[in-house]
Amino acid sequence: MCLEAGVSKRTVYRHFAGRTEILSAIIEHIRHDLSDRLKEVIAHTPQLDRRVEVVSYFLINHTLRPDTARLHHTEPEFVRASVNASYDDYFELVLSVIEPVFENRRDLARSGLNAHDLSQLILRI
């Protein structure tokens with residue numbers, strides 16, 4: 001990690017108390033990046049009839065990004081624990097972008113499907 005960032009271990013540990021703190025900072029950065037990029041994707045493709053597709057595609061591809069995939073590969077337990085601990089935040093983010101679909105399409109509400117359930121489904125895929 002230090003080599004890739006172009007800094008010495010000494011410099012890293014001057015800013016972080018240990019491995020867990022470093023990993024937490026990386027996870028937090030990825031989470032903020034995910035939120036910002038999802039908002040950009042939605043701004044670029046605002047059509048509500050494509051929202052579920054766009055959100056699902058974005059989330060799947062976000063986990064395949066090299067930085068995210070590398071972290072999943074090297075620290076799977078830490079990532080799993082962090083995602084579980086932040087699930088409510090991820091859920092609120094997805095729900096906030098899925099709810100407008102249901103507000104615009106009353107027929108979806110009549111189908112028995114709701115934004116809450118669909119948001120959970122999207123996150124679990």
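**Reading the model together**

Author: Let's start with a surface feature. I60, L64, L121 and I125 form a nonpolar patch on the surface, and together they have about 440 Å² of accessible area. Before we go on, a word on the source: this is a predicted model, where local features need pLDDT of at least 70, side-chain atom pairs count only at pLDDT 80 or more, and totals for chains, interfaces and linings use all residues. Residues are numbered from 1 along each chain as its sequence is written, and side-chain values use heavy atoms, with hydrogens and water left out.

Reader: What makes a group of residues a patch, and how is the area found?

Author: Patches are made of residues with over 30% relative accessible area and no salt bridge; like charges are joined within 9 Å, and nonpolar side chains (Val, Leu, Ile, Met, Phe, Trp, Tyr) within 5 Å. The areas come from the Shrake-Rupley method with a 1.4 Å probe, and for residues only the protein chains shown count as cover. A salt bridge is a side-chain nitrogen of Lys or Arg within 4 Å of a carboxyl oxygen of Asp or Glu.

Reader: Is I125 buried or exposed?

Author: Buried means under 20% relative accessible area, exposed over 50%, and partly exposed in between (1.4 Å probe, protein chains only). I125 has 70%, so it is exposed. You'll find I125 in the segment after helix 9.

Reader: How many helices and strands does the chain have?

Author: Helices (H or I, at least four residues) and strands (E, at least two) are DSSP runs, numbered from the N terminus. Here you get nine helices and zero strands.

Reader: How do I read the inside?

Author: In soluble globular proteins, nonpolar side chains tend to be buried together. A nonpolar core is a set of buried Ala, Val, Leu, Ile, Met, Phe, Trp, Tyr and Cys residues joined through side-chain atoms within 4.5 Å. The largest one here has 20 residues, and L38, V55, L59, I98, F102 and I122 touch the most other members. Two or more residues come from each of helix 3 (19-44), helix 4 (51-64), helix 7 (87-104) and helix 9 (115-124). Helix 7 gives the most, with 10 residues. There is also a second, separate core of six residues, including I27, L71, F78 and V79.

Reader: Which residues is V55 in contact with, leaving aside its neighbours within four places in sequence?

Author: Contact means heavy atoms within 4.5 Å. On that basis, V55 is in contact with L38, I42, V94, V97, I98 and I122. V55 lies in helix 4, and its relative accessibility is 0%, so V55 counts as buried. L59 is worth a look too: not counting residues up to four places away in sequence, L59 touches L34, V94, I122 and L123.

Reader: How many salt bridges does a search of the whole structure find?

Author: The search finds seven. In one of them, the side chains of E28 and R31 meet at 2.8 Å, N to O. Both residues lie in helix 3, three residues apart, about one turn of the helix. R31 also forms a salt bridge with D89, with the closest N and O atoms 2.8 Å apart. R31 lies in helix 3 and D89 in helix 7, so this pair ties together parts that are 58 residues apart in sequence. R31 counts as buried, at 18%, whereas D89 is partly exposed, at 44%.

Reader: Which residues do salt bridges with shared partners join into one network?

Author: E28, R31 and D89. For another salt bridge, go to R65 and D33, where the closest N and O atoms are 2.3 Å apart. That pair links distant parts of the chain: R65 is in the loop between helix 4 and helix 5 (66-74), and D33 is in helix 3, 32 residues apart.
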